[in-house]
Amino acid sequence: MSGRLGGLLRRKQVSVPLLVLVVLFVYALPMLDLPIITTTDSDFGGVLFDAASYALIAVGLNIVIGYAGLLDLGYVGFYACGAYTVALLTEFHGHWPFFLALPAAIVVTMVSGLILGAPTLRVRGDYLAIVTMGFGEIIRLVITNTHWLGASQGIAGIPPPPSIGQAPDPANGVAGGLFQVPHLSWSTFPNVIDVGHETPFVGFGVADAIPFYWLVLTALFIVLIADRLVKNSRVGRAWEATREDEDAAEVMGVPTFRYKLLAFALGAAIGGLSGSFYATQTTYVSPDTFIITLSELFVAAVIIGGAGNRWGALAGGVLVAYLPERFRSFSDWRMLVFGVALMLLAIWRPQGIFPPRRTRRVLKVEAKIEALEGETASV
Amino acid sequence: MTRKPDPMHLLLHQFPELTITGLAVGSVYALIALGYTMVYGVLQLINFAHSEVFMFGTFAVAWVAMAIHGPNSRSENLEQAAGILLLGLVAAMVLSGIVALLLERVAYRPLIKKKAPKIIALISAIGAAFALEEVMGLRDRIASAFGLGQRLSNYVQGARNPYTMPVTVRPHPLFSIGNYKITDVDILMIVAALLMMFLLETFVKRTRFGKGIRAVAQDPEAAALMGVNSTRVVQLTFLIGGLMAGVGATLYMIRIGSTTAAGGDLLGIKAFTAAVMGGIGNLRGALIGGLVLGVVENWGIAVLGDSWKDVTSFVLLVLILLVRPSGILGEALGKARA
């Protein structure tokens with residue numbers, strides 16, 4: 001059954017329109033006012049922005065953990081790097097427009113990935129985890145102690161990206177943006193189109209997080225396409241070989257160190273990308289945000305979703321950002337619930353919710369071998 | 001940031017003090033690090049929730065002091081407080097031990113049974129750490145849910161705030177090295193860490209249980225074939241880690257006197273750093289790593305200022321791992337040096 005469905009989904013005539021529909025749906029999600037999914041206790045646009053940012057991070061970290069097999073517990077450092085580059089360039093030390101600061105942030109995080117990766121990637125396995133964690137903390141502590149970086153007070157007043165058309169200014173009745181998109185509202189059925197509640201298209205303001213969500217989503221789709229191209233190339237195969245057996249890969253002529261460094265730098269760049277969106281959306285960065293716990297959450301997102309599978313990582317990122325918000329009605333209890341949920345998820349699906357196809361095949365084969373061995377033993 | 005005019009002079013001037021207090025703090029790191037290193041040696045897993053095991057121990061000490069002494073705070077010297085502290089030690093070891101065993105049962109054993117990839121155990125442990133920290137941070141709510149909020153208010157109120165032990169230990173200077181008067185608390189901490197280390201190593205080297213631990217660390221399958229009950233061994237490993245964290249928690253409370261629900265995190269990271277620095281899986285490595293970390297951190301404070309303390313420790317870790325990729329002493333719980 002699932003095989004036939006899978007075959008159907010893989011056919012181009014079916015998969016392409018379906019993909020377009022899914023993409024449209026994801027873009028429209030904040031306007032649809034869907035029951036159950038829509039968070040009632042916190043701004044749904046903001047939650048979706050977080051979810052998309054986490055998804056972006058998870059896809060980036062998946063390159064490091066899932067493809068190259070490097071356990072990076074200091075990923076928050078790159079997230080901070082991206083956020084701070086934008087904060088410094090657009091507010092603290094300059095007045096660059098956001099879309100100029102964004103590539104700069106990507107370059108800066110990529111370079112910092114190279115700088116941190118070059119010495120540390122010679123360390124293997126669990127040691128790498130602690131070294132990267134150390135670097136993540138060093139970045140945070142250096143920010144906390146450096147006045148040039150805003151020190152512990154952080155940097156406030158980071159401007160939003162420039163809008164096309166007018167900048168939204170609800171206080172003075174300026175809707176802003178290129179045009180306005182109305183939300184839906186099911187409570188006033190059958191007049192479901194809520195003209196009183198509109199979101200500006202490419203108009204970035206403090207009041208409405210949805211344009212930022214669209215921005216991150218667009219970046220996420222671009223990254224996903226790039227990710228797919230890289231994964232299916234020579235580079236992707238080199239990562240896979242390195243992850244499965246580093247020595248064997250080296251013997252076969254894969255320059256493992258260089259590929260690991262590449263994975264590290266690419267992952268870092270994507271983390272920085274997500275960090276820049278974070279900075280411009282929240283308008284405020286402070287070192288207290290970029291704590292180790294956040295790194296742990298990012299790793300949890302990738303592993304829970306299914307390391308090595310970009311869709312799994314994406315789902316994990318969304319889940320980790322979304323669950324605590326969905327449980328906001330539990331208020332104080334939500335982190336407790338989240339911790340237990342994380343534990344149960346781990347125990348329930350040790351391979352992740354959506355393991356890569358390869359892992360699933362391996363599991364199937366192992367089960368088969370086990371069954372055969374059981375038969376012979378009983379004979 | 002108040003940087004002193006001549007940091008090197010400060011370092012040299014206060015060298016004995018910085019070193020001794022560094023060793024004392026390092027002893028706590030070392031005792032927590034033993035828990036990380038034992039579990040890693042046997043299971044090759046980073047037990048991320050071990051910091052919470054320690055945190056529960058610190059609360060056990062404070063609660064015992066509260067129960068015996070009452071809420072009025074008083075400072076006593078070490079001999080006067082000895083009774084309370086000994087009971088606190090027992091309570092901390094028991095509570096930390098129980099939490100560690102619980103952790104093994106709930107967060108680890110199902111995954112070990114499923115032969116799950118190691119990395120997922122890390123996530124399960126992170127989840128468990130969140131949950132444990134939150135249980136402590138919400139203990140006022142939990143108590144009132146059972147209708148005990150009033151009766152336990154001395155123990156649970158302001159669950160997120162620092163919780164101070166009513167009995168504070170006043171250090172008593174014994175003798176001096178250079179210009180620093182070494183106190184009985186300093187001596188107690190360092191001696192206790194060394195003693196626990198010695199006991200633990202004797203246990204692992206000389207007893208049947210210890211042999212089991214070493215066997216599983218070396219080769220779990222072969223050990224199972226030889227009749228070693230590996231589940232028992234894993235349980236024992238977690239229990240030992242918990243007991244050591246309990247001792248560390250008591251020493252910590254003697255010195256610092258106050259704890260918070262989130263307080264385990266930083267110490268846990270430090271202790272883990274110490275374990276890795278010394279060579280994770282290696283008992284002596286944990287001790288050396290802890291002491292080195294404590295001392296260097298203190299020197300770092302003198303030279304660079306208080307706010308750079310944690311940077312010093314992580315830079316030290318990175319440097320040591322670059323020179324010796326598997327720690328100062330290397331990994332060795334399995335490779336029997338007995």
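In this predicted model, the count of salt bridges over all chains comes to 14. One of them joins the side chains of A:Glu244 and A:Arg243, with N and O 3.1 Å apart. Both partners are partly exposed, A:Glu244 having a relative accessible area of 48% and A:Arg243 one of 28%. These two residues also belong to a network of salt bridges, in which A:Glu240, A:Arg243, A:Glu244 and A:Arg358 are linked.

In chain B, the side chains of B:Glu76 and B:Arg74 meet in a salt bridge with an N to O distance of 2.3 Å. Here the two partners fall into separate classes of accessibility: B:Glu76 counts as buried because its relative accessibility is 6%, under the 20% limit, whereas B:Arg74, with a relative accessible area of 46%, is partly exposed. A further salt bridge is formed by B:Arg284 and B:Glu201, whose closest N and O atoms are 2.7 Å apart. Since B:Arg284 lies in helix H13 (residues 283–304) of chain B and B:Glu201 in helix H8 (residues 184–206) of chain B, this pair ties together parts that are 83 residues apart in sequence. B:Arg284 is partly exposed, with a relative accessible area of 38%, while B:Glu201 is buried at 12% relative accessibility.

Charged side chains also meet aromatic rings in chain A. The charged end of A:Lys231 sits over the ring of A:Tyr67, at 4.8 Å from the ring centre, and the charged end of A:Arg349 sits over the ring of A:Trp348, at 5.7 Å from the centre of that ring.

In the pair of A:Tyr75 and A:Phe78, the ring centres are 6.1 Å apart and the planes stand at 80°, so the arrangement is edge-to-face. A:Tyr75 has a relative accessibility of 0% and therefore counts as buried, and A:Phe78 is likewise buried, with a relative accessible area of 2%. A:Phe78 also pairs with A:Phe264 in an edge-to-face arrangement, with 5.8 Å from centre to centre and 90° between the planes. This second pair links distant parts of the chain, given that A:Phe78 lies in helix H4 (residues 76–92) of chain A and A:Phe264 in helix H10 (residues 256–282) of chain A, 186 residues apart. Both A:Phe78 and A:Phe264 are buried. A:Tyr75, A:Phe78 and A:Phe264 are among the members of one aromatic cluster, which also includes A:Tyr54, A:Tyr79, A:Tyr84, A:Tyr278, A:Phe290 and A:Phe298.

Helix H13 (residues 334–348) of chain A has 15 residues, which at 1.5 Å a residue should span 21 Å, and its end C-alpha atoms are 20 Å apart, which agrees with that expectation. The buried residues of H13(A) are A:Leu336, A:Phe338, A:Gly339, A:Ala341, A:Leu342, A:Met343, A:Leu345, A:Ala346 and A:Ile347. They pack against helix H11 (292–305) and helix H12 (310–326) of chain A, together with helix H4 (78–113) and helix H5 (118–137) of chain B.

Elsewhere in chain B, B:Leu18 lies in helix H2 (residues 15–43) and counts as buried at 9% relative accessibility. Apart from its neighbours within four places in sequence, B:Leu18 is in contact with B:Leu11, B:Asn298, B:Trp299 and B:Ala302. B:Leu18 and B:Thr231, by comparison, are 213 residues apart in sequence and 43 Å apart in space, taken from C-alpha to C-alpha.

Chain B also contains paired strands. Strand E4 (residues 173–177) and strand E5 (residues 180–183) of chain B pair in the antiparallel sense over four bridges, and in this pairing B:Phe175 stands opposite B:Ile182 in E5(B). E4(B) and E5(B) form a hairpin with two residues between them, and B:Gly178 in the turn has a positive phi of about 60°. In a regular strand, the side chains alternate between the two faces of the sheet.

Technical notes. Residues are numbered from 1 along each chain as its sequence is written. Chains are lettered from A and ligands numbered from 1 in the order in which they are written. This is a predicted model: local features need pLDDT of at least 70, side-chain atom pairs count only at pLDDT 80 or more; totals for chains, interfaces and linings use all residues. Side-chain values use heavy atoms; hydrogens and water are left out. Rings of Phe, Tyr and Trp (its six-membered ring) pair if their centres lie within 6.5 Å; planes under 30 degrees apart count as stacked, over 60 as edge-to-face and the rest as tilted. Buried means under 20% relative accessible area, exposed over 50%, partly exposed in between (1.4 Å probe, protein chains only). A charge sits over a ring if NZ of Lys or CZ of Arg is within 6 Å of the ring centre and within 35 degrees of the ring normal. A salt bridge is a side-chain nitrogen of Lys or Arg within 4 Å of a carboxyl oxygen of Asp or Glu. Two strands pair if DSSP finds at least two bridges between them. The expected span of a helix is 1.5 Å times one less than its number of residues. Contact means heavy atoms within 4.5 Å.
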